[in-house]
Amino acid sequence: MQFNYIANTSLPSSSGQTIVMIDPSDGQPYDEIQRSNAADIEQAVQAARAGLNTSWSKLGAAERGRLLMRLAQKVTEHAQELSRIEQRDCGKPTKQANADAAALARYFEFYAGACDKLHGETIPYLDGYSVLTWREPHGVTGHIIPWNYPMQIFGRSVGGALAAGNVCVVKPAEDACLSLIRVAQLAAEVGFPPGVINIVTGYGHEVGDALARHPGIDHISFTGSPSVGTLIQQVAAERHCPVTLELGGKSPQIVFADADLEAVIPAIVSAIVQNAGQTCSAGSRVLIEQSIYEPLLARLGHAFEQLRVGPATRDLDVGPLIRHSQQQRVQQFLSDAQAAGIPTVAQGQVVPEAPATGFYQAPTLLRDVPVSHRIAQEEVFGPVLCAMAFRDEDHAVELANATQFGLVAGVWTADGARQFRMARRLRSGQVFINNYGAGGGVELPFGGVKSSGHGREKGMEALYGFTTLKTVAIKHG
Ligand code: NAD
């Protein structure tokens, strides 16, 4: 049984109810979390407000950095444990779960080093005045986190907020949250005062909604679907609470005929099968220049046929999807595509020993996908890649920008001038040239345009979002 973690104490929810956790690899229950409600959020917010008045707010920036660095080290010492927890929660292959634990430590390390480098400015002004700006923490920040990368998203969001001096109330996803409860315990062990990191589990429409509405929350960082992001922004607007929204994507990879196809093929495959396609920045569309469309599709099809899908601990290319309803959702997209006559080029294979009760989906490559079809427009959140051909640069840009999303784009070409032109013309928060994701560096500001959200997390840029700027003008004559 797992508990909320409020003021460095494990607590049951006030409802006395729990939610059963299901292992995606076999569909079997293995643990329970608290089904919290508004009363638990009230308790967590009070603890957080009290946390603001502990030694936390008296810590100098360098001291805060040292504390975060101790947490980074602690996470590294417990990386195997955290990785195994999240592997079971999410169905992640071992390599992915290990990478996520390492990324969590790296976020804390990065933001530990950033604490004492976040500063304001002095502004030249009228004679007799000195003007300066201070970057102050919002106070209590609320963090609503999805199930696809709990540790990574906690690291980037909570790591940045703590570095800026905030205290946090975190609502992880009901499908996967055990690793975050453990991280909060580790934070207490290294010396984070009570109330600085608080975790409240439960359903979004109950506890997530209560968090977003609570007047004691001074900033909300939401990572999740565009539809819930809209609700969060509406609720927050009622009390003018600032919001960062990290939402979905339908990211294109654009391959010109002069690209290095040896590099392109593995990058395109991994960008859609990583985490079973349940990645906001998944490269879920591949746009291919007409002259290489057939040969590249043939090679991609061959690569898809080699992919193996199975239980998380088998550490194959692809693990299960998070839950049964997600599996059904992906299958519905594929049957809609089939009904529309969209051809399948190739599929990977679910290994025979995968339990029939697990939530497996073979990676699927589709071709000639009409740009207007819903499978080319909506986020499938599964290992489904849509291929389409383009005539020239203008056509590539038109297709790439033709969805409601704008999170990430990849461009593959040897032409240097075209690299810059494409980077400028793509409506996207990140553009990668001759790579995709650049290894996911924590230093690289991340976030979207259009329905992919607004505000930025990761890198130094995130710290501006987790602070409010105060201008001080002194008239001294
Ligand atoms: P979701 O929107 O259903 O849930 C996200 C979180 O919001 C969960 O903790 C959930 O419990 C909570 N929630 C649900 N309803 C709520 C409500 N009414 N009020 C407050 N909170 C509520 O998303 P999901 O299915 O968990 O995650 C998948 C989505 O997240 C995809 O769209 C994906 O692209 C997106 N995502 C974006 C990023 C990014 O950085 N841009 C990263 C990861 C995932």
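Contact is taken here as heavy atoms within 4.5 Å. The structure is a predicted model, in which local features need pLDDT of at least 70 and side-chain atom pairs count only at pLDDT 80 or more, while totals for chains, interfaces and linings use all residues. Residues are numbered from 1 along each chain as its sequence is written, and side-chain values use heavy atoms, with hydrogens and water left out. Helices (H or I, at least four residues) and strands (E, at least two) are DSSP runs, numbered from the N terminus.

Ile33 is found in strand E4, which covers residues 28-34. The residue is buried, with a relative accessible area of 0%; buried means under 20% relative accessible area, exposed over 50%, and partly exposed in between, for a 1.4 Å probe and protein chains only. Not counting residues up to four places away in sequence, Ile33 touches Gln2, Gln17, Thr18, Ile19, Met21, Glu174, Cys177, Leu178 and Thr201. Ser335 lies 302 residues from Ile33 along the chain, and the C-alpha atoms of the two are separated by 35 Å.

Helix H1 comprises the 15 residues 38-52. The expected span of a helix is 1.5 Å times one less than its number of residues. For H1 this gives 21 Å, and the end C-alpha atoms are 21 Å apart, which agrees. The buried residues of H1 are Asp40, Ile41, Ala44, Val45, Ala47, Ala48, Gly51 and Leu52. Seen down the helix axis, these buried residues fall within an arc of 160 degrees, so they line one face of H1; the arc is that of the directions from the helix axis to the C-beta atoms. They pack against strand E1 (4-6), helix H2 (55-58), strand E7 (140-144), strand E8 (167-171), strand E9 (197-199) and helix H8 (204-213). The N-terminal end of H1 is capped by Asn37, with a side-chain oxygen 3.0 Å from the backbone nitrogen of Ala39. A polar contact is a pair of N or O atoms within 3.5 Å; within protein, one must be able to donate a hydrogen and the other to accept it, and residues adjacent in sequence count only if both atoms are side-chain atoms.

Strand E7, against which H1 packs, is mostly covered, with five of its five residues buried. In a regular strand the side chains alternate between the two faces of the sheet. In E7, Val140, Gly142 and Ile144 point one way, and Thr141 and His143 point the other way. Two strands pair if DSSP finds at least two bridges between them. E7 pairs with E8 in the parallel sense over five bridges, and His143 stands opposite Val170 in E8. E7 also runs parallel to E10, to which four bridges join it; the bridge partner of Ile144 in E10 is Phe222.

Strand E10 (residues 219-223) is likewise mostly covered, five of its five residues being buried. His219, Ser221 and Thr223 lie on one side of E10, and Ile220 and Phe222 on the other. E10 pairs in the parallel sense with strand E11 (residues 243-246) over four bridges, and Thr223 has Glu246 of E11 as its bridge partner.

A separate description applies to the open sheet of three strands, which has the order E5-E6-E22 and antiparallel pairing. Its edge strands, E5 (122-123) and E22 (467-475), each pair on one side only. E5 and E6 (residues 129-137) pair in the antiparallel sense over two bridges, with Ile123 opposite Val131 in E6.

The ligand has 31 residues around it, of which Arg156, Lys171, Ser225, Leu247 and Glu379 come nearest; a residue is near a molecule or strand if one of its heavy atoms lies within 4 Å of it. An oxygen atom of the ligand is 2.6 Å from an N or O atom in the side chain of Arg156. For the side chain of Glu379, the corresponding distance from a ligand oxygen to an N or O atom is 2.5 Å. A nitrogen atom of the ligand is 3.4 Å from a polar backbone atom of Asp209.

Glu379 is also in contact with Arg329, as is Val380, leaving aside neighbours of Arg329 within four places in sequence. The side chain of Arg329 reaches the backbone oxygen of Glu379 at 2.2 Å. Arg329 has its place in helix H12 (residues 324-339) and is partly exposed, with a relative accessible area of 35%. Arg329 and Phe381 are 52 residues apart in sequence and 8.8 Å apart in space, C-alpha to C-alpha.
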